[in-house]
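Take a look at the chain shown here. Then follow it step by step in the text below.

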Amino acid sequence: MVGKALGNGLPISAVLGDPALLDALPSGAHSSTFAGHPLACAAGAEVVDAMLETRPWRLAREAGSTLRDSLAALAATVPGVGPPRGEGLLVAFDCLDGSGRPSAAAARAFAAAALRAGVVLRHGGWSGSTVKLSPPLLLEDGEVSFLTEALRAAAERATPAREEAHALL
């Protein structure tokens with residue numbers, strides 16, 4: 001299944017696979033809420049053309065590498081941020097409490113601080129401590145810089161050490 005990048009924000013998806021497998025489904029066996037809307041289909045066709053021309057997965061690989069490097073540096077200097085993981089621009093990291101354990105409260109605080117810095121983040125995962133980044137596929141250098149600076153600002157505002165210091169004041 002592909003969808004997020006295909007519609008560039010419009011609701012569309014596609015199922016990709018081996019023709020022998022996909023042709024085995026009887027007509028009408030696979031349906032979707034996002035099937036066939038003319039505007040979304042037109043956008044999808046344009047996106048496919050643009051992808052064939054620009055090869056955005058290469059850009060996403062480079063931007064994701066820059067983003068993960070920035071987050072790794074942040075994790076090395078801010079105790080409340082765990083090491084990043086992911087592929088391309090789908091990147092995640094755990095927020096940690098003062099003793100280095102995954103913390104849902106720290107993730108909520110981080111997401112709130114990121115929102116104040118202009119970035120909307122999702123958080124969740126098994127322990128609720130994972131912050132998930134899923135920026136647009138066509139992220140430009142300036143946008144990567146903005147995102148990494150916003151994440152740094154959020155980390156500095158939301159670290160456990162700062163929370164504990166504020167509680168003492």
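What follows is a walk from the overall layout to single residues.

Keep in mind that this is a predicted model. Begin with the layout. The chain contains seven helices and four strands. Read from the N terminus, the order is α-α-α-α-β-β-α-β-β-α-α. The chain has 169 residues, and 34% of them count as buried.

Now move to the loop between α2 (19-22) and α3 (38-54), where Gly36 sits. Is Gly36 buried or exposed? Its relative accessible area is 53%. The cut-off for exposed is over 50%, so Gly36 counts as exposed. Gly36 also shows how sequence and space can be compared. Along the chain, 24 residues separate Gly36 from Ile12. In space, their C-alpha atoms are 8.0 Å apart.

Go on to the loop between α3 and α4 (56-77). Arg55 lies there. Its backbone deserves a look. Most residues other than glycine have a negative phi. Arg55 is not a glycine, yet its phi is positive, at about 50 degrees.

Next comes helix α5, which covers residues 104-116 and includes Ala104. Ala104 has a relative accessibility of 23%. Buried would require under 20%, so Ala104 is partly exposed instead.

Now turn to charged side chains. How many salt bridges are there? The count is two. One joins the side chains of Arg85 and Asp94, with 3.4 Å from N to O. The two partners fall into separate accessibility classes. Arg85 is partly exposed at 38% relative accessibility. Asp94 is buried, with a relative accessible area of 19%. That value is under the 20% cut-off, which is why Asp94 counts as buried.

Another salt bridge links Asp97 and Arg101. Here the closest N and O atoms are 3.6 Å apart. A salt bridge needs such atoms within 4 Å, so this pair qualifies. Arg101 is exposed, with a relative accessible area of 52%.

Glu62, Glu140, Asp141 and Glu143 form a patch of negative charge on the surface. Why do they count as negative? The reason is that Asp and Glu are both taken as negative. Residues in a patch have no salt bridge, because the definition leaves out any that do. Find Glu140 in the loop between β4 (130-133) and α6 (141-158). Glu140 has a relative accessible area of 56%, so it counts as exposed.

Finish with the cysteines. How many disulfides does the structure hold? The number is zero. A disulfide would need two cysteine sulfur atoms within 2.5 Å. Cys41 is partly exposed, with a relative accessible area of 35%. Cys95 is buried, and its relative accessible area is 1%.

Conventions: Residues are numbered from 1 along each chain as its sequence is written. This is a predicted model: local features need pLDDT of at least 70, side-chain atom pairs count only at pLDDT 80 or more; totals for chains, interfaces and linings use all residues. Side-chain values use heavy atoms; hydrogens and water are left out. Patches are made of residues with over 30% relative accessible area and no salt bridge: like charges are joined within 9 Å, nonpolar side chains (Val, Leu, Ile, Met, Phe, Trp, Tyr) within 5 Å. Accessible areas come from the Shrake-Rupley method with a 1.4 Å probe; for residues, only the protein chains shown count as cover. The place of a charge is taken as NZ of Lys, CZ of Arg, CG of Asp or CD of Glu. Helices (H or I, at least four residues) and strands (E, at least two) are DSSP runs, numbered from the N terminus. Buried means under 20% relative accessible area, exposed over 50%, partly exposed in between (1.4 Å probe, protein chains only).
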